[in-house]
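Trainee: I would like a close look at one part of this model. Please take me through a helix pair, then place it in its surroundings.

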Amino acid sequence: MMLFQDELFWKSLWVTIRYALVSVPIVLVVGVLLALLLNINVKGIAIFRTIFYLPSIVPMVATTSIFMWILNPQVGLVNRVLALFHIDGPGWLTDPKWTLWSLVFMAIWGAGGSMVIYLAGLKDIPQYLYEAATLDGAGVIKKTRMITLPMLTPVIFFNLVMGVIGTFQYFTQAFMISKGSGGPEDSTLFYALYMFQRSWKYMDMGYGSAMAWALFVIIVILTFLIFQSQKRWVHYGG
Amino acid sequence: MAANPTFDRENSSKVIVIRSILAVLAITATWFLMSAKMPDANIPGRTKVVFWHRWGGEWEVVVKRIVSRFNESQTEYEVVPMFTTGTGSETKFMLSTIGGDPPDVMSMWNGAIPSIASGGLLTDLETLMTPEEKEYFNRVPYQAIRESGQFKGVTYGITIGADLMGYYVNAKHLREVGADPDKPPKTFEELVALGTKLNIKDSSGNIKRMGFNVNELMTQAYAWGPGFYNKESKTLTMNTPSNLAALTALVEQKKGVGFDQAQRFWASQNTGSSTGAWPFIPGAVSIAYDGQWRVEEIRKYNPGMDYRVWPLIPPKDGKPYAGSLGGNFMIIPTSAKQKKGAFEFVKFWSGLTHPERAAEFYCWGGWLPLSPDVANSPKYQEYLRTNPQFKTFVDTLGGDNCHPYPNVGFLQYYLDQVNRAEDQSSRGSVTPKQALINLDQTVNDELRKRKELGFED
């Protein structure tokens with residue numbers, strides 16, 4: 001009961017849900033688009049695939065450190081580039097209005113991980129479906145909409161489930177950019193970070209355990225709901 | 001069915017490969033487990049005392065030097081030092097204690113002592129003292145230092161390096177704007193005005209040189225009044241007129257500089273502790289609010305620097321030489337195997353016995369002394385003569401307005417909430433008054449919950 005009366009518990013839950021609502025769909029779309037692009041047979045495609053996949057295997061701590069400098073409001077690369085166009089770049093990691101978008105930006109950087117899974121899914125789509133569609137006069141867009149995306153939905157479903165679970169365990173980036181505080185103004189106080197603070201910073205293990213159980217229940221419910229929804233949009237044909 | 005020789009050969013090769021992999025894994029795991037155990041004593045016949053500390057890099061050299069001195073002075077014990085990173089050191093201590101393999105003694109940030117002590121994991125150090133040592137301990141050491149290691153009146157930590165904050169002043173910058181570095185401003189308002197003169201901005205409005213910037217409401221509040229804890233009534237005091245005046249002054253100072261510009265400036269600086277890249281040293285900040293350990297860093301990285309250290313500047317009719325004391329304190333877990341040996345080491349380093357000998361160790365690290373006995377010893381006085389700016393911190397330590405952190409079991413939570421109130425009001429999200437009202441409500445809610453659960457009296 002004490003958990004539900006805690007303002008910061010609800011705040012951390014909202015920060016996490018908000019991030020999940022924004023980042024999961026964006027990373028999903030970027031991952032699919034990248035996979036579609038890297039499924040085209042052009043010379044040196046293996047090199048392109050490697051380049052896009054590489055960021056996802058760089059340790060998260062190293063990636064976050066680099067992004068902290070790229071997004072530095074005064075000397076960072078992003079604001080320096082914006083300054084060339086006479087745009088006064090925001091405080092990406094110091095202004096609470098921008099922290100969410102900075103973290104989403106960092107998530108897109110790692111979209112190569114899901115891209116590889118989509119690519120495997122694309123390779124699994126039977127060629128005869130495209131041949132039949134070509135005979136029926138379907139163009140590229142129609143083939144993508146009517147064949148590729150429906151046949152890819154089991155992979156999208158998998159990445160969606162994993163993405164949602166991943167966001168509820170989101171910790172490293174938030175811990176690093178806020179130095180463990182969840183700031184500025186609680187804008188990076190993710191659920192896992194608050195759970196860590198309660199358990200290990202305030203030494204309140206009972207509270208941390210209660211939060212872990214609540215997290216387990218939330219993830220089970222969300223996964224169940226996504227599984228329930230699959231009847232409407234996931235196609236296991238082919 | 002006839003045996004298939006090709007299949008058998010392939011199968012046999014697979015088994016060999018799998019067994020080889022398992023053997024390699026087993027050897028690796030054994031090596032890892034062996035290397036992860038506590039370090040061994042090196043001197044035959046001595047009882048090993050494991051000491052965990054949080055000083056890395058060049059500070060570790062000092063720690064090893066002190067440990068060597070102790071080991072040389074001993075016939076019974078050998079202290080074996082082990083560095084553990086500062087981040088998460090409480091966690092490591094807790095896990096090792098719960099897991100049954102704790103260090104015998106550890107240097108810990110005093111802010112963590114209440115929460116660890118309230119879990120029943122720390123030894124009451126007075127139970128290890130002789131009656132004479134107990135009498136000396138309760139009479140001689142600086143009051144703020146003694147109380148910083150206590151929780152609910154029980155001594156769980158003894159300092160080996162207390163910390164206080166002050167203002168580091170770049171004398172050259174001050175002269176540039178016509179100010180005298182040897183005449184500190186009389187009031188906080190004058191200090192803010194001086195800081196404004198020292199600011200340098202570029203054509204885009206970005207701060208190139210920060211004149212003066214201040215934070216840490218919890219500490220600053222002691223210059224305005226009784227601060228955030230009433231020692232007599234043992235109650236938390238948050239929404240009080242003096243705290244409101246302190247918070248308002250800090251917020252107004254930040255507004256004057258420009259909160260966003262200040263954030264951008266600090267984001268571009270290396271503000272980590274124990275580094276020669278501290279922005280004050282290259283002149284990026286004219287008046288820096290920082291701890292006494294920077295004196296030693298300036299001596300190492302820019303020995304010729306012309307600077308002064310001022311104490312916290314109070315407002316008009318405020319309290320001079322204010323401060324809240326933090327730092328490294330020696331703790332001994334309840335489950336330590338060598339409590340006696342551990343306490344011998346604590347006494348040796350802290351100066352609880354032979355303060356004149358311990359003075360040398362404090363000088364090596366540039367640390368604040370345990371007691372006036374250490375401070376008045378010839379070696380420490382010599383250190384103050386060669387590092388005159390350090391004296392400001394010693395004077396603050398001996399003054400009436402130097403306080404320990406609030407003596408509550410959820411100190412870290414309390415500190416975080418006070419910082420949160422300061423941050424929110426500095427950003428203009430809430431007024432200082434509203435920030436203190438919210439703080440009062442949040443902290444008292446937490447306190448009520450803890451009382452219901454039996455964590456607080």
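Mentor: Start with confidence. This is a predicted model. Chain B has a mean pLDDT of 90, and 94% of its residues reach 70 or more. For the complex, the predictor gives an ipTM of 0.85 and a pTM of 0.86. Keep one caution in mind. Where pLDDT is low, predicted coordinates should not be read in detail.

Now the helix pair. Look at helix 10 of chain B, residues 241-257, and helix 18 of chain B, residues 411-426. Their axes lie 9 Å apart, and the packing angle is about 45°. Angles under 35 degrees would count as roughly parallel, and 65 to 115 as roughly perpendicular. Helix 10 of chain B and helix 18 of chain B are therefore oblique to each other. The crossing of helix 10 of chain B past helix 18 of chain B is right-handed.

Which residues make the contact? Helix 10 of chain B supplies B:Leu247, B:Leu250, B:Val251 and B:Lys254. From helix 18 of chain B come B:Glu422, B:Ser425 and B:Ser426. By type, the contact of these two helices has three nonpolar, two polar and two charged residues.

Next, the strands of chain B. Strand 8 of chain B covers residues 200-201, and strand 9 of chain B covers residues 207-212. They run antiparallel and are joined by two bridges. B:Ile200 sits opposite B:Arg209 of strand 9 of chain B. The hairpin of strand 8 and strand 9 of chain B leaves five residues between the strands. In that hairpin, B:Gly205 has a positive phi near 90°.

Strand 9 of chain B also pairs with strand 12 of chain B, residues 285-291. Here the sense is parallel, again over two bridges. B:Phe212 has B:Ile287 of strand 12 of chain B as its bridge partner.

Finally, the partner chain. Chain A has 11 helices and zero strands. Its C-alpha atoms fill a box of roughly 65 × 50 × 25 Å along the principal axes.

Terms used:
Residues are numbered from 1 along each chain as its sequence is written. Chains are lettered from A and ligands numbered from 1 in the order in which they are written. This is a predicted model: local features need pLDDT of at least 70, side-chain atom pairs count only at pLDDT 80 or more; totals for chains, interfaces and linings use all residues. Axes are lines fitted to C-alpha atoms, for helices over the stretch in contact, and angles run from 0 to 180 degrees between N-to-C directions. Helices (H or I, at least four residues) and strands (E, at least two) are DSSP runs, numbered from the N terminus. Angles under 35 degrees count as roughly parallel, over 145 as roughly antiparallel, 65 to 115 as roughly perpendicular and the rest as oblique. A crossing is left-handed if the near helix is turned anticlockwise from the far one by less than a right angle, and right-handed if clockwise. Two residues are in contact if their C-beta atoms, placed from the backbone, lie within 7 Å. Ala, Val, Leu, Ile, Met, Phe, Trp, Tyr, Cys and Pro count as nonpolar, Asp, Glu, Lys and Arg as charged, and the others, Gly among them, as polar. pLDDT is the predictor's confidence in each residue, from 0 to 100. Two strands pair if DSSP finds at least two bridges between them.
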